[in-house]
Structures are given as structure tokens and as C-alpha cells.
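I opened this model to see how its parts pack against each other. My entries follow in the order in which I looked things up.

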Amino acid sequence: MNDQQTDPTAIIFVFIATIALAFKGVFAKFAYMADMGVDAVLLLRFGIAAPLFWLGVLMFARKTAPLTWQQWKACSLAGVMFFMATYCDFTAISEIGVSVSRLILFTFPMIVMLINAVMSRRAPSVHQWIVFVTTYSGILLVMAPNGLSGFDNFNWIGAAWAMGSATTYAVYLVMSQELMKSIGSVRFTAASGSITLVIMLAVIPVSATSGSITFPMDGVFWGAMIAVFCTVIPFFMLFEGIKRCGATQASLISLSGPILTMIAAWLILDETLSTVQIIGAVVTILGVSSLKATWALDALKRLFGLTRPQKVTDA
């Protein structure tokens, strides 16, 4: 078989995973409308997801060696970052809505770029700086479509939560890159997700006021939907898709996530963006996408069979 051919099922897996992840904010909004708070949604989400991730370990990675103490410590640090990213994300959804919070979170590749530049002690390239300025210019259009005067009425606290989520998620990704290579993405997700749950069980009940964490039945339903259909199942489908088509094409397909989220928020929650905000959203998405302009073009060429097949030689 030609190695350049793309497995159609891989594209389907990644696209379905992207759709499922796009509905996370919509389901969270339904849970909030059912009088379920952010704390309760997050406790329920990881309380259900963590055991299911370990079930995935038993199914896909049970023959691997147990994690060492050093690996558990690294997973714990990643779990702390993921807890912060998730808490900020769900709080931002409750403050500024699904569409705007998702767009701000979508800028995390810019922060990853800056972190990598600091770690490598190498300044970002001119292209990367142009992408950075372009992307955040788009975010400014989304936040203040009527010009500078619009900033007075904007929910800066909600935007700060979303930016906090983008920042901590970027740190989580940088920390997890090497760790995933050594222990595998399935075990890493199960271990770091379990640490996130432990942190939530320790921190949230202490920080919450008495009686503020409630689990109404409608809210429990939507929280369970988030855990199963917007967390566990998308992860395994994305993992399988990456295994079949590679991270490059999977990343290309997942760029449709913010667009799908905005469409879902518009159709289901009646969230609307003005013309200027839509332009800002397009600028933001194109800016982030252009970070991978070279591999995106190569992936599209391979996808449509525009590259010459390479000869395969036995090792």
C-alpha cells in the first residue's frame, strides 16, 4: 500500500472528535442553566472521565510497565496545569459565553510559541511575530467590535479567565510533549486526569461556600455528556485518528473546532456575533492556522493526491 494515501476512517475519527469537543461549551451552558455551578460540573466531569481513561489503559496499554515515581511526579505537575486550564475555561464559558471564550482559548499556540522561544533562548521569527500580532488583532475585534469605546462594556474578568485557560493549557502542552513520548498518550491522559480529579476533590470543596455545590438531575445529565461525549470518546477517537493519519493531518482537521463551536452556539444557544466580530474570528483562526502554513499545504497536497508517490525501500 502507498504510504502517502490517507485512511478515510482516520479523517472521520478526527472530525467526529473535533465536533464532540466543539460541543463541550454548549453542554456546559446547559448545565449552568440547570443551576449547576462550575465546581460541580468539573467534579462530575473528571469523576466520570478518570475511571474511563484507566479503562482505556487496560484496553490499549496494559502490557506496558508501571509508571515510575519520577513519571508520576511529572504527571502530577501536568495535572495541576490541566486543572487550572480547565477551571479557567469553564469559568470563562459562564462569564462571556461559548463563542468568545473558545476564540480566546484558541490562541494557545501563540503562547506555546513564546514558551518554546524562551526555553530555546531563540527569538521568534518574523513570520511568528506577524502571526502573533494578526491573531490578537482578531481577538481585539471580537472583544470590541465598536472600537475602543466598546472596551468599557466588555467583560474583562471573563476574558481574563479565558486567557488564563489559554496560558495554562499552553504550559500543560509543553510539559506533556516529552512525557507522552516516554509513557504514551493513553497512560499520560489517565494519570494526569486522575491527578486533576484529586486536586479538584481537595481544592473545590474547601474553596466553595457551604451548600454551593449541588447536583440537580438535569445538570448531572449534561455533566455526564461532557465527561463521556466531550472528553473520553473524543480523546480515544483523536488518538486513533492520529495513529492512522499522523498528527499533521489531525491538527489540520481540528482547526475547524472554533468554527464548529460558533455555529453550535449560534444554532442552539442563540449566541450571535456582529459582522466585525465574525471578521475578527476569521482573522484569529487564519492567524493560528498560518503558524502551520507549510505543513498544512503539504497535508492538503497529500490529501488530494497532488504529490508524487515516493518509492518505498525495505530497511
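**Entry 1: a helix pair**

I started with α2 and α11, which pack at an angle of about 35° with their axes 10 Å apart. The axes are lines fitted to C-alpha atoms, for helices over the stretch in contact, and the angles run from 0 to 180 degrees between N-to-C directions. Helices (H or I, at least four residues) and strands (E, at least two) are DSSP runs, numbered from the N terminus. I noted that this is a predicted model, in which local features need pLDDT of at least 70, side-chain atom pairs count only at pLDDT 80 or more, and totals for chains, interfaces and linings use all residues. Residues are numbered from 1 along each chain as its sequence is written, and side-chain values use heavy atoms, with hydrogens and water left out.

Which residues of α2 and α11 meet? From α2 I listed V26, K29, F30 and M33, and from α11 A264, A265, I268 and L269; contact means heavy atoms within 4.5 Å. I sorted the residues of this contact into seven nonpolar, no polar and one charged. Here Ala, Val, Leu, Ile, Met, Phe, Trp, Tyr, Cys and Pro count as nonpolar, Asp, Glu, Lys and Arg as charged, and the others, Gly among them, as polar.

**Entry 2: the whole chain**

I counted 13 helices and zero strands in the protein chain. Buried residues make up 45% of its 315 residues; buried means under 20% relative accessible area, exposed over 50%, and partly exposed in between (1.4 Å probe, protein chains only). Of the contacts with a separation of 6 or more, 89% are between residues 24 or more positions apart.

**Entry 3: the cores**

I next looked up the largest nonpolar core, which has 39 residues. Such a core is a set of buried Ala, Val, Leu, Ile, Met, Phe, Trp, Tyr and Cys residues joined through side-chain atoms within 4.5 Å. Y32, V41, F90, F188, M200 and I226 touch the most other members. Helices that each supply at least two residues include α2 (24-33), α4 (69-96) and α10 (217-254). α3 gives the most, with eight residues.

I then followed F90, which touches K24, A28, Y32, V38, V41, L42, R45 and I226, leaving aside residues up to four places away in sequence. I also found a second, separate core of 26 residues, with A166, V174, M262 and I285 among them.

**Entry 4: aromatic rings**

I found 17 aromatic pairs. Rings of Phe, Tyr and Trp (its six-membered ring) pair if their centres lie within 6.5 Å; planes under 30 degrees apart count as stacked, over 60 as edge-to-face and the rest as tilted. One of the pairs is F108 with Y169, edge-to-face at 5.0 Å centre to centre and 85° between the planes. F108 lies in helix α6 (residues 108-120) and Y169 in helix α8, so the pair ties together parts that are 61 residues apart in sequence. Y169 is partly exposed, with a relative accessible area of 25%. Ring pairs link F46, F82, F108, Y169, Y172 and F188 into a cluster.

I found zero disulfides (pairs of cysteine sulfur atoms within 2.5 Å). C75 is buried at 0% relative accessibility, and C88 is buried at 13%.
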